[in-house]
Structure formats: structure tokens, C-alpha cells
Amino acid sequence: LGFDADASFDANNNAIGTLIIMLDGLTSSIEQRQYHVYFDVKEHYVFAPADVIPRVVPTDNVDDEGQASFRIEAANADYFYHKDGGGFSSLNDGDGNDWISYSTAAGSAGEYRGLPNLVHPNDGGYFHPGAGSIVSSLVAEGPLKATIHSATPDSSWETLWEIFPDYARMTVLEAPIAYWF
């Protein structure tokens, strides 16, 4: 059992935030498991902090294809996210296969690759790996989740990526026109 709370989680002030709990193992339909969640004040620990093995490990300012990137090591893959482009350039599985394979090579050999391809180049070309004008920041990190917020300088476009041990989820927070993924 491990847990990760967003940076905004505060049990002392109306328990605002998100608590993430990863339950390992299997429970049959006729079994029950009980868990107790305790909150403590870091400065005056009554309970010893849980020894949690991180399953998501972000690293900032890693170079990938000549771009400043976040590298997120997860249970089944390593993700590389171009901060200025606002998109993933690589997703390397445990065997070293890159399932995205963005590069600066022309066309489908590289520059057309990337995730997402959210905004067509005629409308700004935002949220795609490579050089761009996106502002990305790691807004929360913990042993079970890393959260990346990306936005255009005027905040007319915004996304939020949540990377978990076994998957990633994107939420489009702001979009002034239709987009595609």
C-alpha cells in the first residue's frame, strides 16, 4: 500500500485535494480487505511515515532530441516530455522499444511523430514535441503519480498530464477551438 497526494492536499484545511491509493494483490469477490488511512503533522510525527517504493520517478531538465524535457520513469515505461513543445517525444518500454519515436527527421520518419498532435500547425501547432512556446511545469510528484501542467503563454490552451505506474491520462483544461488527438 502506498499513497500520493497532490501538492494541494491539506488534511488540516477541509481535506482539499486528491488521495491516490494503489492496492496491490487480488481480492476475491467473497473476501474483504480493510485499510486505515491516518493523517499526521510532518513536524510532530506520531506515526512513522510509510516506507513506499516510488513507482513513478520524474527528472527535470533531461535532454531529449535537443529539447529540455521531463523524464518520467514508471513501472512499465520511461516517458520523455518536451517542455517547450508540450508533448511526449518518446515512450520506451522495458525492452527499449520507443513507441513514439519523435525526432527532427523530416515527415513521418520523425517530425510528424509525437503525442499529442493536439493543435494543427495552421492554428499554432501547440502540444507536440519539438521547439515551441509552451510553458510546462511539474506541478505534483509522488511515489504513484507525476503531474505535468502545460499552457500557451496566454493560457488560451492548457493541458494536464497525469502519469501513473501503468498509464498516463491527459485532460484538456482550456481549448478555444476544436482540437484533435
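1. Let me start with a pair of side chains worth a look: Ser89 and Asp64 are joined by a polar contact of 2.3 Å. The term stands for a pair of N or O atoms within 3.5 Å; within protein, one must be able to donate a hydrogen and the other to accept it, and residues adjacent in sequence count only if both atoms are side-chain atoms. The side chain of Ser89 also has a polar contact of 3.2 Å with that of His82.

2. A word on the source: this is a predicted model, where local features need pLDDT of at least 70 and side-chain atom pairs count only at pLDDT 80 or more, while totals for chains, interfaces and linings use all residues. Residues are numbered from 1 along each chain as its sequence is written, and side-chain values use heavy atoms, with hydrogens and water left out.

3. Back to Ser89, which belongs to strand β6 (residues 87-93); strands here are DSSP runs of E, at least two residues, numbered from the N terminus. Ser89 is buried at 0% relative accessibility, where buried means under 20% relative accessible area (1.4 Å probe, protein chains only). Leaving aside neighbours within four places in sequence, its contacts (heavy atoms within 4.5 Å) include Phe80, Asp98, Tyr102 and Pro129.

4. Asp64 takes us to the hairpin of β3 and β4, which has two residues between the strands, and Glu65 in the turn has a positive phi of about 55°. Strands β3 (residues 56-64) and β4 (residues 67-74) pair in the antiparallel sense over seven bridges; pairing requires at least two bridges found by DSSP. Asp64 stands opposite Gln67 in β4.

5. Now the rings. The whole structure holds six aromatic pairs, counted when ring centres of Phe, Tyr or Trp (its six-membered ring) lie within 6.5 Å; planes under 30 degrees apart are stacked, over 60 edge-to-face and the rest tilted. Tyr79 and Phe88 make a tilted pair, 5.5 Å centre to centre with 55° between the planes. Tyr79 is buried at 10% relative accessible area, and Phe88 is buried at 2%.

6. Finally, please look at the open sheet of four strands, ordered β7-β8-β9-β10 with antiparallel pairing. β7 (135-141) and β10 (168-174) are at the edges with a single partner strand each, so one side of each has no neighbour in the sheet. β7 and β8 (residues 146-151) are joined by six bridges, and Leu138 stands opposite Ile148 in β8.

Terms used:
Buried < 20%, exposed > 50% of the residue type's maximum accessible area, 1.4 Å probe, protein only.
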